[in-house]
Amino acid sequence: MTRVLVVEDDSTVADVVRRYLEREGFDVDAAADGPTALDRFSSDRPDLVVLDLLLPGIDGLEVCRRMR
């Protein structure tokens, strides 16, 4: 099963994206800020990351740089 990490600080948006992805058969995890996203990425490498750019803690561009 394809694993997706949704990184979004707006809980309503994160829930909607999560539900759509789960409905399509993806295994979805979520994070609400940059540091949590990096921790989840390190511990359970997802196949895909849906990443918001404006995040608390560490912005999405820096999160992307560190994941690369």
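Aspartate 47 forms a salt bridge with arginine 3, and the closest N and O atoms of that pair are 3.9 Å apart. I start with this pair because aspartate 47 sits in the loop between H2 and E3 while arginine 3 belongs to strand E1, so the bridge ties together parts that are 44 residues apart in sequence. Bear in mind that this is a predicted model.

Arginine 3 has another partner. Its side chain also meets that of aspartate 44 in a salt bridge, at 2.7 Å from N to O. This pair, too, links distant parts of the chain: aspartate 44 is in the loop between H2 and E3, arginine 3 is in strand E1, and 41 residues separate them. Taken together, Arg3, Asp44 and Asp47 are linked in a network of salt bridges.

How exposed are these side chains? Arginine 3 counts as partly exposed because its relative accessibility is 26%. Aspartate 44, at 41%, is also partly exposed.

The count for the model comes to six salt bridges. One of the others is local. The side chains of glutamate 22 and arginine 18 meet at 3.5 Å, N to O. These two are four residues apart in helix H1, residues 11-23, so they are separated by about one helical turn. As background, an α-helix has 3.6 residues a turn, so residues three or four places apart point the same way. Glutamate 22 is partly exposed, with a relative accessible area of 38%, and arginine 18 is partly exposed as well, with 25%.

Now the overall layout. The chain has three helices and three strands, and from the N terminus on the elements run β-α-β-α-β-α. The radius of gyration is 11 Å, close to the 11 Å that the globule rule gives for 68 residues, so the chain is as compact as a globular protein of that length. Along the principal axes, the C-alpha atoms fill a box of roughly 30 × 25 × 15 Å. Among contacts with a separation of 6 or more, 59% are between residues 24 or more positions apart. Of the 68 residues, 31% count as buried.

Which residues make up the largest nonpolar core? There are 10 residues in all: Leu5, Val7, Ala31, Ala37, Leu38, Phe41, Leu55, Ile58, Val63 and Met67. E1, H2 and H3 each supply at least two residues of this core, and H2 gives the most, with three.

Leaving out residues up to four places away in sequence, leucine 5 touches Asp29, Ala30, Ala31, Ala37, Arg40, Phe41, Pro46, Leu48, Val49, Val50 and Met67.

Last, helix H3, residues 60-67. Its buried residues are Gly60, Val63 and Met67. They cover an arc of only 55° around the axis, which puts them on the same side of H3. What do the buried residues of H3 pack against? The answer is strand E1 (3-7), helix H2 (34-43) and strand E3 (48-51). The face of H3 turned away from its buried side carries the exposed residues Arg65 and Arg66.

One detail at the start of H3: a side-chain oxygen of aspartate 59 reaches to within 2.9 Å of the backbone nitrogen of leucine 61.

How values were computed
Residues are numbered from 1 along each chain as its sequence is written. This is a predicted model: local features need pLDDT of at least 70, side-chain atom pairs count only at pLDDT 80 or more; totals for chains, interfaces and linings use all residues. Side-chain values use heavy atoms; hydrogens and water are left out. Buried means under 20% relative accessible area, exposed over 50%, partly exposed in between (1.4 Å probe, protein chains only). The arc is that of the directions from the helix axis to the C-beta atoms. Contact means heavy atoms within 4.5 Å. A polar contact is a pair of N or O atoms within 3.5 Å; within protein, one must be able to donate a hydrogen and the other to accept it, and residues adjacent in sequence count only if both atoms are side-chain atoms. A nonpolar core is a set of buried Ala, Val, Leu, Ile, Met, Phe, Trp, Tyr and Cys residues joined through side-chain atoms within 4.5 Å. A salt bridge is a side-chain nitrogen of Lys or Arg within 4 Å of a carboxyl oxygen of Asp or Glu. The radius of gyration is taken over C-alpha atoms; the globule rule is 2.2 Å times the number of residues to the power 0.38.
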